[in-house]
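My notes follow in the order I looked things up.

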Amino acid sequence: DVLEAASIVGREFDLGDLADVRPDTDPEEVGESLDALCRRGLLDLRRFTGRGGSAYAFRHLLIRDVAYGSLPKSERARKHVQMVDWAKEHTGERSDEIAAMLATHLVEALRYRAELGEPVDLGLVREALLWSRAAGRRSLALWEHREAARWFRSAADLAERAQQMLAEPQTSP
């Protein structure tokens with residue numbers, strides 16, 4: 001469970017990140033699990049002062065991929081949205097600095113929901129569009145032109161999707 005939750009966060013994470021993805025867990029229990037995973041060679045402990053005190057990283061990207069792949073798609077989608085909610089809450093005015101991370105999590109959540117045939121959430125599409133545009137602007141400001149173009153293409157696709165949704169006739173239950 002701990003590896004699966006960590007796989008949503010990314011290659012590196014701390015105890016605080018895991019608490020955000022799995023808010024119902026005991027931090028002491030999660031810490032013990034992380035220590036055991038380090039002893040088994042699945043994670044590396046990286047010391048730094050962060051929200052969780054210590055940072056961890058998957059020893060190999062394949063370990064993260066297997067943990068991520070073991071999560072049902074509906075759970076992946078839900079946890080990606082949880083990560084975005086947490087990140088926005090904790091970064092405040094600096095959220096533009098992590099726009100690409102926010103956009104990535106939202107686009108992934110939308111992709112999994114589409115694969116599951118779930119109804120598309122227009123609010124989620126709009127939010128993904130806004131963060132994709134912000135990621136494009138930030139990349140452009142950093143002279144990362146290819147990355148900026150990728151994010152602006154993503155934003156254009158999301159805008160088209162939102163436009164189509166707004167043009168579709170609404171059916172009442």
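This is a predicted model: local features need pLDDT of at least 70, side-chain atom pairs count only at pLDDT 80 or more; totals for chains, interfaces and linings use all residues.

**Entry: a tryptophan in a loop**

I looked up Trp143 with those terms in hand. Trp143 sits in the loop between α7 (122-141) and α8 (145-167). I checked its backbone next. Phi of Trp143 is near 65 degrees, a positive value in a residue other than glycine. Is Trp143 buried or exposed? The cut-off for exposed is over 50% relative accessible area. Trp143 has 68% relative accessibility, so I count Trp143 as exposed.

**Entry: the whole chain**

I stepped back to the overall layout. I found eight helices and three strands in the protein chain. What pattern does the protein chain follow along the sequence? I read it as α-β-α-α-β-β-α-α-α-α-α.

Then I took dimensions. Along the principal axes, the C-alpha atoms fill a box of roughly 55 × 45 × 30 Å. The protein chain has 173 residues, and buried residues make up 40% of them. Its accessible surface comes to about 10,200 Å². Carbon and sulfur atoms hold 52% of that surface.

I looked at contacts as well. I took those between residues at least 6 apart in sequence. Of these, 59% join residues at least 24 apart.

**Entry: charges**

I turned to charge. The protein chain carries 25 positive and 30 negative charges.

Which residues form a negative surface patch? I listed Asp26, Glu28, Glu29, Glu32 and Asp35. I followed up two of these.

Asp35 lies in helix α3, which covers residues 27-39. Glu32 is placed in helix α3 too. For accessibility, I used the band between the buried limit, under 20%, and the exposed limit, over 50%. Asp35 is at 36% relative accessibility and therefore counts as partly exposed. Glu32 is at 49%, so Glu32 also counts as partly exposed.

Last, I checked one separation from Glu32. How far apart are Glu32 and Lys73, in sequence and in space? They are 41 residues apart in sequence. From C-alpha to C-alpha, Glu32 and Lys73 are 27 Å apart.

Definitions and conventions:
Residues are numbered from 1 along each chain as its sequence is written. Side-chain values use heavy atoms; hydrogens and water are left out. Helices (H or I, at least four residues) and strands (E, at least two) are DSSP runs, numbered from the N terminus. Buried means under 20% relative accessible area, exposed over 50%, partly exposed in between (1.4 Å probe, protein chains only). Patches are made of residues with over 30% relative accessible area and no salt bridge: like charges are joined within 9 Å, nonpolar side chains (Val, Leu, Ile, Met, Phe, Trp, Tyr) within 5 Å. Accessible areas come from the Shrake-Rupley method with a 1.4 Å probe; for residues, only the protein chains shown count as cover. A salt bridge is a side-chain nitrogen of Lys or Arg within 4 Å of a carboxyl oxygen of Asp or Glu. Lys and Arg count as positive and Asp and Glu as negative; His and the chain ends are not counted. The place of a charge is taken as NZ of Lys, CZ of Arg, CG of Asp or CD of Glu. Contact means heavy atoms within 4.5 Å.
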